[in-house]
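Hi,

Here is the structure I promised to pass on. Please have a look, then read the notes below it.

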Amino acid sequence: MKDSFRLVITGSPGTGKHTSARIVAEKLGAQVIDINKVALDSGNAAAAVVVARTDRGLDVDTKKLGRLLAAALKKKGSFVVVGHLAPYVLKASAAKIDMVAVLRRSPSKLESNLAARKYAREKINENVSAEILGVLLYDSIKAFGRRRVAEFDTSNRTPDETAGEIIAALQKKAPRRTGMVDWLAVLSEEEVQKFFAY
Ligand SMILES: Nc1ncnc2c1ncn2[C@@H]1O[C@H](COP(=O)(O)OP(=O)(O)O)[C@@H](O)[C@H]1O
Ligand SMILES: [Mg+2]
């Protein structure tokens, strides 16, 4: 592998993106680019990308945010770009990305992570149902191409273990797999009903 790399870590809120991004970046000497932070730091200038702050999160101008991120990725060095918006704002930079790690987490564990953040029931259900459907995996494959995408289930892993798995796949010491996670197959009818009731 060439010396510098560009890794994207995405996944539903609460899957462990920021925690693993920090560990991977520390271990490999890379810089973390937090997509939400780039959006918020754009401030009120002409380049401002935050259109509105809603109770669902930030509404951003994905084109403008994409241009800011593309400019940041032109700089020298290695980068770990992290955020659930990745497939929507980095599509134009796809050719420059070495690997996209999509983090997955079991609905019940995701639910407790989001409840700990004091998310409202509706917002928890919205995020967990998107995780059940694998929205970010699907959108990442569409935006970056299947070859670049690898899926990691963080449910029964420590953050260090997940970071190690991501690094192994990035360095092609382990295969980049997708399609192993199927929450619909492991949930009961009632559980599915509960998360989709919103
Ligand atoms: N394997 C794992 N990888 C990353 N984080 C994990 C893992 N297992 C548990 N966690 C925990 O999950 C919580 C949410 O992680 P966070 O990085 O904030 O998620 P995200 O950035 O995707 O919203 C943290 O408390 C973190 O310590
Ligand atoms: Mg986060």
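A residue counts as near a molecule if one of its heavy atoms lies within 4 Å of it. Keep in mind that this is a predicted model.

Ligand first. 16 residues surround ligand 1. The closest are Gly14, His18, Thr19, Arg117 and Thr162.

- Threonine 15 places a backbone N or O atom 3.3 Å from an oxygen atom of ligand 1.
- Arginine 105 uses its side chain: an N or O atom there is 3.4 Å from a nitrogen atom of ligand 1.
- Threonine 158 has a polar backbone atom 3.2 Å from a nitrogen atom of ligand 1.

On its own, ligand 1 exposes 560 Å². The protein buries 77% of that.

Now the helices. Two packed helices are described by the angle and the distance between their axes. Helix α6 covers residues 121-133, and helix α10 covers residues 189-196. Their axes come within 7 Å and cross at roughly 125°. Helix α6 is therefore oblique to α10.

Who makes the contact? From α6, Arg121, Asn125, Val128, Ser129, Ile132 and Leu133 take part. From α10, Lys194, Phe195 and Phe196 do. These contact residues divide into five nonpolar, two polar and two charged.

Best wishes

Terms used
Residues are numbered from 1 along each chain as its sequence is written. Chains are lettered from A and ligands numbered from 1 in the order in which they are written. This is a predicted model: local features need pLDDT of at least 70, side-chain atom pairs count only at pLDDT 80 or more; totals for chains, interfaces and linings use all residues. Side-chain values use heavy atoms; hydrogens and water are left out. Axes are lines fitted to C-alpha atoms, for helices over the stretch in contact, and angles run from 0 to 180 degrees between N-to-C directions. Helices (H or I, at least four residues) and strands (E, at least two) are DSSP runs, numbered from the N terminus. Angles under 35 degrees count as roughly parallel, over 145 as roughly antiparallel, 65 to 115 as roughly perpendicular and the rest as oblique. Contact means heavy atoms within 4.5 Å. Ala, Val, Leu, Ile, Met, Phe, Trp, Tyr, Cys and Pro count as nonpolar, Asp, Glu, Lys and Arg as charged, and the others, Gly among them, as polar. A polar contact is a pair of N or O atoms within 3.5 Å; within protein, one must be able to donate a hydrogen and the other to accept it, and residues adjacent in sequence count only if both atoms are side-chain atoms. Accessible areas come from the Shrake-Rupley method with a 1.4 Å probe; for residues, only the protein chains shown count as cover.
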